[in-house]
Amino acid sequence: MKHYGAKTLLKGAVLSAVAAGSFATAAIADEQFFPLQSYRVGPYAAGGTGFFGGTIDYFNLINTRDGGVNGVKLTWEEGETQYEVERGVEVYERLKGRPNIAAWNPLSVGIAYAMIDRITQDRVPLITVNHGRTDSTDGRVFPYVFPLLLNPYSETSGIINYIASKEGGEEKLKGKKIVVLYHGSPYGKETIPIYELLKEKFGYEVQQIEVPHPGNEQQAQWLAIRRYKPDYVVLRGWGVMNPVAIKTAQKTGFPVDRIIGNVWSNSEEDVIPAGDAAIGYTAITTQASGADYPVLQEIVKTVYDGGKGNLEDKKRIGSVYHNLGIVNGILNVEAVRIAQKRFGNRTLTGDEVRWGFEHLQLDPKRVEELGAKGLFHSINVTWDNHEGDGLVTFQQWDGKKWNVVSDWIAPDWKLLRPIIEKSAEAYAKEKGIKIRTSEDADKVTELQGTASSAKN
Amino acid sequence: MTTASIPLPRPVSAIGRVPTWLLPLAVIVFAYAGIPLFASDYLYDAILAPFLALSLAAVGLNILTGYAGQVSLGSAAFMAVGAYAAYNFNLRVEGLPLLASIVFAGLIASAVGVVFGLPSLRLKGFYLAVSTLAAQFFVQWTLTKFSWFSNYNPSGVIDAPALGYVFEGPHGRYLFSLSVVVALTVFAARLVKTQTGRNFIAVRDNETAAKISGVPVLHTKLLAFAISSFIIGVAGVLWAFAYLRTVEPHGFNLDRSFQILFIIIIGGLATIRGAFLGAALIVVLPLVLSRAGTFLFGSYFDSGVLDMSQRILVGALIIVFLIAEPDGLAALGNRIARRLRLRSPTN
């Protein structure tokens with residue numbers, strides 16, 4: 001008898017799980033759904049909670065203050081990935097059947113790679129803000145993938161340009177020794193070839209050293225750095241690897257003001273655990289930190305004071321990851337708004353939102369209207385440039401907060417574009433993808449994203 | 001780890017007078033004909049695909065650990081070898097059918113398995129487990145260090161090729177995985193009943209006695225490594241090609257090796273069906289809980305809290321299962337079946 005009961009229970013659990021999937025397919029009018037493959041546990045939880053918290057806070061602001069985007073409510077559901085590819089894929093499979101999907105934002109290069117084929121078939125955009133697969137910048141080959149603001153190559157170019165300006169000009173880079181300490185993941189490895197390539201151009205020496213995931217032990221790497229005696233160390237870290245790197249640098253006697261953090265080594269969570277060792281540490285960023293910007297003030301007023309804030313610790317409002325999440329929210333929402341101008345103020349299909357992202361042009365004036373002046377500079381996405389010429393700036397940690405120490409700097413896009421195109425064309429050839437023209441980009445499928453995948 | 005507590009496979013059928021082959025056959029028929037009647041894309045792509053791949057890996061490890069008594073922590077490495085080998089055969093040998101690249105990939109994994117099995121000739125138990133860790137780290141290092149393996153992709157991530165033929169779409173991929181798993185599982189089930197299988201068990205239970213009775217111990221151990229790694233390598237191909245459809249070496253880390261080891265411990269060492277029961281518990285249960293959790297409590301707690309509670313629940317369940325039946329789910333099934341038989345009036 002006993003085992004019979006257990007079996008029935010199990011059956012019930014399976015059935016309810018299956019039912020949960022089918023219930024969700026009932027369409028509701030005028031909604032735009034954002035599936036969020038977030039991570040709030042595991043070694044990268046600080047990044048995940050800040051980023052997804054920021055995006056959700058901005059969505060809440062739009063829903064509460066404006067009643068949605070021109071009356072279209074924003075909805076979302078989170079699925080925990082722990083930054084692991086197979087969990088990300090599972091969440092994708094779980095949520096892909098939901099109606100009215102606008103875009104995916106996985107915040108993981110590994111998960112993004114696994115999704116490229118899938119979302120291209122679904123015709124739904126995949127946003128990898130400040131990271132992602134570099135050659136997906138080429139919209140001719142990757143119609144649905146958007147490494148917005150800053151792809152890894154631009155980031156590299158921005159960092160090298162900054163070092164050049166610190167040294168007093170590009171020609172001073174000759175003979176300088178640079179170490180790149182990178183995270184042992186698809187994200188970390190993405191820039192290996194570009195440092196080698198820029199080496200040819202500028203004549204610096206470079207050594208690239210891997211730190212295995214998650215990176216809480218780096219004694220060996222820093223001893224190697226000490227032997228090599230570099231002029232600069234570029235920290236291409238992620239999560240716990242960053243404070244450990246800064247602390248180990250101090251232990252091995254490497255000056256912290258010679259360490260330049262990349263765009264995923266630039267948050268409060270990276271420096272506060274390192275304590276005093278981090279004072280003077282500099283990092284690149286696409287968005288400033290701080291809560292003084294009008295859009296943040298409104299989020300505090302409308303969302304947090306209304307008890308709907310997503311961050312548990314209110315002190316993290318205005319931190320680097322939170323602000324990046326807000327910028328990501330702005331970019332997603334504006335893409336929907338721009339697409340609505342062409343297709344009408346209604347629920348859009350994934351392909352229509354893709355068109356919106358391909359026309360996501362926010363000049364400094366529009367950024368100011370959005371209350372984000374100074375938070376980020378501007379973006380100019382086109383059908384073939386899916387990055388959008390984001391500008392970068394550098395910030396230095398003083399022990400309490402980040403201070404901006406440079407102007408908005410432009411990476412060397414002209415130098416990078418041919419490399420990106422070559423890589424994208426090779427991918428197109430390998431996969432048998434037809435290279436898009438601007439006319440192709442203007443054609444939009446009005447089918448819901450899931451309709452095409454149902455054919456399989 | 002001593003192997004004395006591992007039970008012998010039960011010679012009598014679990015369910016009374018019903019022939020032993022009937023239940024597996026019914027399961028296979030159901031998997032081919034029954035599941036497609038109600039399965040959704042989600043069931044295929046997110047539950048059955050990883051379930052089949054990890055079940056097969058567990059069948060492979062069970063031959064080595066359950067039957068031949070050699071503890072291994074290198075399963076994920078052999079999966080990685082299989083996945084990368086299949087990718088490279090497929091990429092570099094033109095016109096090679098996919099099935100052939102999978103077989104060759106299995107053979108490569110098998111060869112690597114034999115090399116890392118060599119220490120088993122001198123080491124036992126925990127010491128052997130530690131030496132198979134070398135496989136885990138060495139393979140991951142090799143695949144990361146030499147970008148030839150990932151066709152010079154800057155991120156070190158490879159896109160798995162499409163399966164081709166009729167195996168497109170979720171249903172096609174499922175049939176493909178299922179057929180591979182069924183073929184190899186039938187092979188494994190037959191193997192353990194042959195003289196070779198008995199040699200495995202003899203080596204596991206008492207090496208000296210086995211040697212005296214004329215079992216070629218060295219040869220048997222290496223054969224166990226070879227066959228086990230072949231099956232695990234093919235499982236790696238399924239994981240990469242039919243489930244994730246992308247491969248990065250990090251996905252085959254030590255956690256995965258432990259996961260496979262736990263599957264066979266919980267499912268039942270030295271049983272074929274234990275691999276499937278264990279995989280169901282380790283792979284499918286967390287997903288079902290996760291969906292049920294999101295469905296019931298999603299609006300009250302954020303996904304992090306839910307995920308943590310699921311871990312606690314799954315951990316507690318595993319402890320309860322192991323206390324209730326230390327020999328694994330397969331033995332639990334046997335016991336329930338025996339009790340039912342005793343109760344039924346026909347007996």
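Analyst: In this predicted model, 14 residues of domain 1 of chain A are in contact with 18 residues of domain 2 of chain A, where contact means that the C-beta atoms of two residues, placed from the backbone, lie within 7 Å. On the side of domain 1 of chain A that touches domain 2, the elements giving two or more residues are α2 (45-66), α4 (109-122) and α12 (320-343) of chain A. Of these, α4(A) gives the largest share, three residues. By class, this side of domain 1 of chain A has eight nonpolar, six polar and no charged residues. Nonpolar here covers Ala, Val, Leu, Ile, Met, Phe, Trp, Tyr, Cys and Pro; Asp, Glu, Lys and Arg count as charged, and the others, Gly among them, as polar.

The bounds come from an automatic or database domain assignment, which gives domain 1 as 28-150 + 289-384 + 436-453 and domain 2 as 153-285 of chain A. The C-alpha centres of the two domains of chain A are 29 Å apart.

Residues are numbered from 1 along each chain as its sequence is written, and chains are lettered from A and ligands numbered from 1 in the order in which they are written. Local features need pLDDT of at least 70 and side-chain atom pairs count only at pLDDT 80 or more, while totals for chains, interfaces and linings use all residues.

Helices (H or I, at least four residues) and strands (E, at least two) are DSSP runs, numbered from the N terminus; chain A has 17 helices and 13 strands. One of the helices at the domain contact is α12(A). Its 24 residues should span 34 Å at 1.5 Å a residue, and the end C-alpha atoms are 34 Å apart, so the two agree; the expected span is 1.5 Å times one less than the number of residues. Because 20 of the 24 residues of α12(A) are buried, this helix is largely enclosed by the rest of the structure. A residue is buried if 20 or more other C-beta atoms lie within 10 Å of its own, exposed if 12 or fewer, and partly exposed in between, with C-beta atoms placed from the backbone. Across chain A, 56% of the 456 residues are buried. Just after α12(A), Gly344(A) has a positive phi of about 105 degrees.

The contact between chains takes 35 residues from chain A and 32 residues from chain B. Among the elements giving two or more residues to the chain A side is α4, while the largest share, seven residues, comes from α1(A).
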